[in-house]
Amino acid sequence: MKILVKFFASCRELCGKTSERFQLQDKATLRDLRSVVMSMHPILENMRDYLLISLNETFVTEQTELKEGDVVAFFPPVSGG
Amino acid sequence: MLEITRDDFSIDEIVQKIKTEDIGAIVSFIGIVRGKSNGKNVNKLEFEAYKKMAILQLKNIRAETFRKFNVNQIAIVHRIGSLKVSDNILLIVVGATHRDEAFKACRHVLEQLKKTLPIWKKEFTPEESYWIEGETHGKDA
């Protein structure tokens, strides 16, 4: 299945792109996707301890299974307001 | 009214919109761009949003605040893009029958928003620019 990953703020700048598509096996979880993204963009390892990940605009656990067409976003802790 | 926008807002217009006969108190919070941050001069801030998720989070925060506090109206406007010193960033307006709930709810909206709203700011000083990253991790609302 194909998953669209969006990058925001410092993640976007570190990866040098706003989004990227990743091919994953069926029943892959958000944790699996995170590992794939980290291997493609090892610079994100610097943010490993505080990186936030959303699935279809919602915060979920990393055990959540992904499905075709899901949209995932990687970003740092928020700082609006 | 929940909005993520590049445009400035009119506080008077938004207050007028949420005034209804059952409201006896309106509390507002306005966040503005400071000219100094941690001892450094600031030229401008740039705000970036994950807009689709930010609108959903604003809806979640508003719904949760209605559940927790006895308030009648909540309006939230957050600006994005490039903002200079003294520009408006954020407006929260809460209308309630009585003042105490309005004050508490307004503070609650602000604190939740600072933890969960997917918006990020970059500070520009005369020497450098850097992202400001929040301390909390986005999962409370």
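**View 1. Helices α2 (residues 51–68) and α3 (residues 99–116) of chain B pack at about 145°, with their axes 10 Å apart.** Axes here are lines fitted to C-alpha atoms over the stretch in contact, with angles running from 0 to 180 degrees between N-to-C directions. This is a predicted model, where local features need pLDDT of at least 70 and side-chain atom pairs count only at pLDDT 80 or more. Residues are numbered from 1 along each chain, chains are lettered from A, and side-chain values use heavy atoms.

**View 2. Here's what meets at the contact of α2(B) with α3(B).** On the α2(B) side sit Q57(B), L58(B), I61(B), E64(B), T65(B) and K68(B), while α3(B) brings A105(B), H108(B), V109(B), Q112(B), L113(B) and T116(B) (contact means heavy atoms within 4.5 Å). By class that's five nonpolar, five polar and two charged residues.

**View 3. E48(B) forms a salt bridge with R12(A).** The closest N and O atoms are 2.5 Å apart; a salt bridge is a side-chain nitrogen of Lys or Arg within 4 Å of a carboxyl oxygen of Asp or Glu. E48(B) belongs to strand β5 of chain B and R12(A) to helix α1 of chain A, so the pair joins two chains. E48(B) is buried at 15% relative accessible area, and R12(A) is partly exposed at 23% (buried is under 20%, exposed over 50%, partly exposed in between, with a 1.4 Å probe and protein chains only).

**View 4. K40(B) forms a salt bridge with E128(B), closest N and O atoms 3.0 Å apart.** K40(B) lies in strand β4 and E128(B) in the loop between β9 and β10, so the pair ties together parts 88 residues apart in sequence.

Note on methods: Helix = DSSP H or I, 4+ residues; strand = E, 2+ residues; numbered from the N terminus. Nonpolar A, V, L, I, M, F, W, Y, C, P; charged D, E, K, R; others polar.
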